[in-house]
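Q: Please take a close look at the metal site and the charged contacts around it. Which atoms hold the metal, and how are the salt bridges arranged?

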Amino acid sequence: MTVRAILTYPDPRLRKKAQPVREFGPELARLVADMADTMYAAPGVGLAAPQIGVSLRVVVIDITPKEEGRDLKVLVNPRILDPEGEIIDTEGCLSVIEYSAKVKRAAKIRVEAQDLEGRPFSFVAEEWFARVVQHEVDHLDGILYIDRISRLKRSMYEKKLKKILREQERAGSR
Ligand code: NI
């Protein structure tokens, strides 16, 4: 198990549509273990394989508060069905540094996915959990939450990010 480097925007690998998982074996289990380690270390509540540079449709999620222990959910080849309602709430992303913004998401969804052995399962997710699933499944399609905010907010973030990256470069070259 290894904590992997998380790619950050504007890395083009975050924009690729991820491929369906077809082989359910030890390699997939290793990938998921690394993804969980990386998510918990960050710390974050969700991570999609493309965020560590692996173009496969795999997501890990754990929205349990830290003091209540861990409840890791692994979604392989997840699909979102029957979106209902709308909620606007604040989102951030491990791949979008130093930013958060309000995003509109479905309030309730049904999710179909496969487990590590390839067995299909489905469940209903609501509110915050539904939001995290939608955010992570977006990653599998090369979509970031900043694609879902207004153009004005987006351009303000782009400006801020340029400044941050410039400062990082300067600090690094000292
Ligand atoms: Ni994200």
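A: A salt bridge here is a side-chain nitrogen of Lys or Arg within 4 Å of a carboxyl oxygen of Asp or Glu. By that criterion the structure holds 18 salt bridges. This is a predicted model, in which local features need pLDDT of at least 70 and side-chain atom pairs count only at pLDDT 80 or more, while totals for chains, interfaces and linings use all residues. Residues are numbered from 1 along each chain as its sequence is written, and side-chain values use heavy atoms, with hydrogens and water left out.

The nickel ion has as protein donors C93 (SG), H135 (NE2) and H139 (NE2), at 2.1 to 2.2 Å. Donors are N, O and S atoms within 2.8 Å of the metal (3.2 Å for Na, K and Ca); water is not among the atoms, so sites may look incomplete. Along the chain the donors of the nickel ion follow the spacing C-x41-H-x3-H. C93 lies in strand 4 (residues 87-93) and H135 in helix 2 (residues 127-140), so the pair ties together parts 42 residues apart in sequence. Helices (H or I, at least four residues) and strands (E, at least two) are DSSP runs, numbered from the N terminus. Both C93 and H135 are buried, where buried means under 20% relative accessible area, exposed over 50%, and partly exposed in between (1.4 Å probe, protein chains only).

Helix 2 also contains D138, whose side chain meets that of R148 in a salt bridge (2.7 Å, N to O). R148 sits in the loop between helix 2 and helix 3 (151-173), so this pair ties together parts 10 residues apart in sequence. D138 is buried at 7% relative accessibility, whereas R148 is partly exposed at 42%. Salt bridges that share partners join E91, R105, R131, D138 and R148 into one network.
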